[in-house]
There are 2 protein chains.
Amino acid sequence: MAEGLEPAPVLREINELAKRGRVPVRYVGRRALETEARTEGPQGVLAHAQALPEWDFDELCRGGARPPFLLAFDGVTDPQNLGALLRSAEGAGVTGAVLPRHRTAHITPAVTKAAAGAVERVRLALVPGLAAAVSRARALGVWVVGLDEGGDQSLFELAVATEPVMLVVGAEGAGLSRLVRERCDVLARIPLKGSIPSLNVAAAGALAVFEVSRRR
Amino acid sequence: MAEGLEPAPVLREINELAKRGRVPVRYVGRRALETEARTEGPQGVLAHAQALPEWDFDELCRGGARPPFLLAFDGVTDPQNLGALLRSAEGAGVTGAVLPRHRTAHITPAVTKAAAGAVERVRLALVPGLAAAVSRARALGVWVVGLDEGGDQSLFELAVATEPVMLVVGAEGAGLSRLVRERCDVLARIPLKGSIPSLNVAAAGALAVFEVSRRR
């Protein structure tokens, strides 16, 4: 924590949580803290944490107590969008998220902040490429639904109940890549009533994860 | 347009649309264009447009051919969120949006860009304060639904069909202001299955507008 912060309830709460979790708190000069912080506007508090655990993709596809419900990213590059999507996914009860090592934003500090805790709570699997991951998921019995504004089925009429499902969202602007689009079991579109041809990817993804969530 | 741009299909399309709409195109130096641009990364093209028309709040509450379906903002301050919400609202077929003059972001260039066209397509009414607007809407027969994580009704079980509706979304973090919360007909929450207590406001708003839209 930065020295000389104005007392505030949130700081007291952080101190108490740290004490309860046996996390040592050190006070350092404001400048030292800001040099080390990796987000903009660090607000005087910074934590050191272990690296995020990585989950095995096959394991996520096989599921455990609950049938697999995965969200996969095919080219989402805006950290705000990726963070908001992980947060929505957590709220909808996904069992894991799938990120390719390239063409998509990584879990940066900005993503972590936008995700509001979801980065630490959603199981994340990194895969070399998403097209291959789609094929692999299907081989493991997972039904793969790509979100695509040209999809032939309405998201709101998907025949999904409790089977293993992986939703795939594409890049801002360009949508799903061709290879991924070709390998999905079904392409679902969100029926729009206006004249703008698509939604923001974070809004579209929120609608999709909650649609699957409600049908379970 | 900036002089010396690399030829690209999108630039040809802009030129053609301009010609069809009888909009004169001028070529200026890159620096002159960037000085005048009001967004970051202007990409070499800039348009001058008339001010947005303002709609009368009472008129939006009375509706026309379609029953009123309004989205109101109570303290949304992030331009990305406001823009994305307007875009979702357009896609869900709202008949108008309501912005208070204070405590909420205004329609800035950043909002306009994030809205991807919705700012020009959704009827916007500015009101002095949102609490008074809620009361006025109710007096005009509009059913007012506030989105609130402590709401006692599930968004997915709202008894809404074709009646006039105004959805109200609150500020990032703080949610609805007390006065607005007290004046809504009903407070609806989004049932969450994870452990993070709320969604990003743009995700929550997208779910809400599409929920009403689907029931019409």
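Biologist: How many residues does the contact take from chain B and from chain A?

Modeller: This is a predicted model, and a residue counts here when its heavy atoms come within 4.5 Å of the other chain. By that rule the contact draws on both chains, with 30 residues from chain B and 30 residues from chain A.

Biologist: What area do chain B and chain A bury between them?

Modeller: The size of an interface is often given as the accessible area lost when the parts come together. Of that area, 56% is on carbon and sulfur atoms. The total buried between chain B and chain A is about 2500 Å².

Biologist: Which three residues supply more than any other three of the area that chain B buries against chain A?

Modeller: Together the three supply 26% of the area that chain B buries against chain A. They are B:Arg87, B:Ile196 and B:Arg214.

Biologist: Across the interface of chain B and chain A, how many residue pairs are in polar contact?

Modeller: Both residues of a pair must be at pLDDT 80 or more to be counted. With that condition, the number of pairs in polar contact across the interface is 18.

Biologist: Which helix gives the most to the side of chain B that touches chain A?

Modeller: Helix H4 (79-92), helix H6 (118-121) and helix H9 (201-215) of chain B each supply at least two residues to that side. The most from one helix is 7 residues. The helix that gives them is H9(B).

Biologist: What volume does the largest cavity have?

Modeller: Rolling a probe the size of a water molecule over the atoms shows where empty space is left. The structure holds 1 cavity of 30 Å³ or more. The volume of the largest cavity is about 60 Å³.

Biologist: How many charged residues does the lining of the largest cavity have?

Modeller: H9 of chain A and H9 of chain B each supply at least two residues of this lining. By class, the lining has 6 nonpolar residues and no polar ones, and its charged residues number 4.

Definitions and conventions: Residues numbered from 1 in each chain as written. Chains lettered and ligands numbered in written order. Predicted model: local features only at pLDDT ≥ 70, side-chain atom pairs only at ≥ 80, totals over all residues. Heavy atoms only, no water. Buried area = accessible area lost by both parts, 1.4 Å probe. Polar contact = N/O pair within 3.5 Å; in protein donor to acceptor, adjacent residues only side chain to side chain. Helix = DSSP H or I, 4+ residues; strand = E, 2+ residues; numbered from the N terminus. 1 Å grid on protein atoms, 1.4 Å probe; cavity = no way out; pocket = protein on both sides within 12 Å on 5 of 7 lines; lining within 4 Å. Points joined across faces, edges and corners; volume = space filled by probe spheres on them. Nonpolar A, V, L, I, M, F, W, Y, C, P; charged D, E, K, R; others polar.
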